[in-house]
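Trainee: I'd like to learn how to read a model like this one. Can you walk me through it?

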Amino acid sequence: MMKWLDERLNLSSLIGSLFEHPVPKRSSFLDYLGFATLFVFISQALTGILLATVYKPTAAEAYTSIQAIQASPIGNYVRSLHSWSADFMVVLVIMHLLRVFYEGAYKRPRELTWIAGVILLIGTMGLAFTGYLLPWDQEGYWATTVGTAMAGFVPGIGDFLVRFLRDGSQVTGATLTRFYSVHMLVLPAIILLAFMPHFFFVLRQGMSSTDALSEAHKRGEDVSKKSLPFWPDVALRMIIVVLIVAVGIWVLAAIYPQGLGDPADALNKSHYIPEPAWYFFGVYQLLKYFPGSLDVVAMVGLPVVAMVVLFGLPWLDRNPSRSPKKRPIALGVAAAVVIGLAFLTYQGMSSVPKPIAAAGVVAHPSYKKDIQPILQSKCVQCHETIATYSKTVEKVTPSNPGASALIKLIDGSQQPQMPVGQEPLSKDQIQTMTNWVQDGAKNN
Amino acid sequence: MKSSNQDKNSASIGRRKFLSIGIGTVGAALGASYVSLLGSFLNPPSASGATELQSVGNLDKFPVNTPTLVSYKGSGVEEGVYVVNLGSEGVIALDFHCTHLECAINWVAASKQFICPCHGGVFDMKGTILAGPPPKSLRRRVLKIEGTNVLIGGMLV
């Protein structure tokens, strides 16, 4: 078979050049993140095709078709795999980017590989964003409403952009169908078109970690003692990394199956409070810190700067050295951005209210057991630090609920009643909080 | 002899150049025709598109100074509209999406304000912005009263 192909296409010299480059004996599993991402993308394509055989991309039928998928154990598992793989793909792409950055592998002669990689990153985030709407549940509906509304802040053409993204003024069935076609056809095509050169360049140039060996090889040195052949030694390491990632996805999808929220309700009768997918929590949190007049900076300015920096990085960073030790500025700036984003993501995620079970009135409540959960479910969204004892106690006068700002704000005797813009706390919850203050507001 | 050769060369370069430009032009025209087709096909409906008037109930369903959420049957989804009876100042219809990032606002009777649960935008009963990040007042929709029947239409642009 191989011989037959070789006679016609002269493949062996091509494959030889791809597979025979030497790889250093000491190589990190982090070098295989790109390959692991490719595996997850293939997993996404396969599970996505399976889901597409059942899913109906209309406002009337999307939710019920997902319910139909969920009804069978295998359907449920395939959807969980698709959802978990999406998370893995975002994480792996970002880890791959950070690794390449740390290694300085975007520098000459690999600028074009980096550019194709940035397109792949954007494609991945686009897939994550468009896929979120498809189940047509409350979460997806409102996250898409808010996400597309951000385009409205682009000066001049904002309103048009929003209508273009939604195919109308609001998120409707037309939006769903538009997102479906983008998710199924446009973005996968972009990803494939960007992936081909991305992969080809790596095969042609080798990974940057192999450069030193290749140069020694060119000088005529014997590198066989310092190196492993790509095939089969390094390929074995790669497939083991892929296997670990695959098992991770399979196990997580089995233990934590993807749920399905309430169906999308454009009237939001249940007063659902929108929240983004976890990888957009950094942006979500950032918007809370920006005053309204500067929103355009956060929603348009920062993304534009990020794009310019990502696409322009090989030319913006003029430092020719690839050694991390000789690039303190580049690595320092990147570390600050990563830590900042991680912090914002953490803050954003912890500011999401957690549901609590109705407990009735507690006569002698404990701060940790009874009071903190109420604060965490109702108040932290706006008052991020209120659910710590020191901050809570600042707002009360121990043993005197009537003089405590916290109690007056939740029972409405002081306006505006908290939580602002939402249903007030239940009478039982207010009484429990009052009892805790009456007992001396202890940290118990 | 020499000069005729030169003539031939320059003529053939002229021909090559001519053909290159021709091929490029045809290719660009083909590309441009599909791009314009794409643009026209994907062009969204205009903002004031859905102007069909729909009845949302009798005027007595809307007590004075108590905004009431009604549903306008849009294309594919129900669109939330607050009908606000301002008494002597008439009746207005407010789109229930916050002008910041379009979360659904809630009418909070205790403080007589519309409040957005996402980033804390606050509007008064007429939809005027009072606090928070929203850049402008709530959008109004067409409202018409025929006898005692309240009719809602598309956005007032």
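Trainee: Where do I start, and what are the overall scores, ipTM and pTM?

Mentor: Start by remembering that this is a predicted model. The model scores 0.85 for ipTM and 0.85 for pTM.

Trainee: And for chain B, what is the mean pLDDT?

Mentor: pLDDT is the predictor's own confidence in each residue, from 0 to 100. Chain B averages 86, with 88% of its residues at 70 or more.

Trainee: OK, on to the fold. How many helices and strands does chain B have?

Mentor: One helix and 10 strands.

Trainee: Can we zoom in on one pair? How many bridges join strand 2 to strand 3 of chain B?

Mentor: Six bridges link strand 2 of chain B with strand 3 of chain B (residues 78-85), and the two run antiparallel. To find a bridge yourself, look at Val70(B), whose partner in strand 3 of chain B is Val81(B).

Trainee: What share of chain B counts as buried?

Mentor: Burial is judged by how many neighbours a residue has. Of the 157 residues in chain B, 31% are buried. As for contacts between residues at least 6 apart in sequence, 41% join residues at least 24 apart.

Trainee: Now chain A. Which domains is it divided into?

Mentor: Domain 1 covers 21-269 + 291-313, and domain 2 covers 367-438. Their centres, taken over C-alpha atoms, are 42 Å apart.

Trainee: Last one: how many residues of each chain are in contact with the other?

Mentor: For an interface, count both sides, then ask what supplies them. Here 35 residues of chain A contact 32 of chain B. Helices 7, 8, 9 and 12 of chain A each supply at least two residues of chain A's side, and helix 7 of chain A gives the largest share, four residues. By class, that side has 16 nonpolar, 14 polar and five charged residues.

How values were computed
Residues numbered from 1 in each chain as written. Chains lettered and ligands numbered in written order. Predicted model: local features only at pLDDT ≥ 70, side-chain atom pairs only at ≥ 80, totals over all residues. Contact = placed C-beta atoms within 7 Å. Nonpolar A, V, L, I, M, F, W, Y, C, P; charged D, E, K, R; others polar. Domains from an automatic or database assignment. Pairing = 2+ DSSP bridges. Buried ≥ 20, exposed ≤ 12 C-beta atoms within 10 Å, placed from the backbone.
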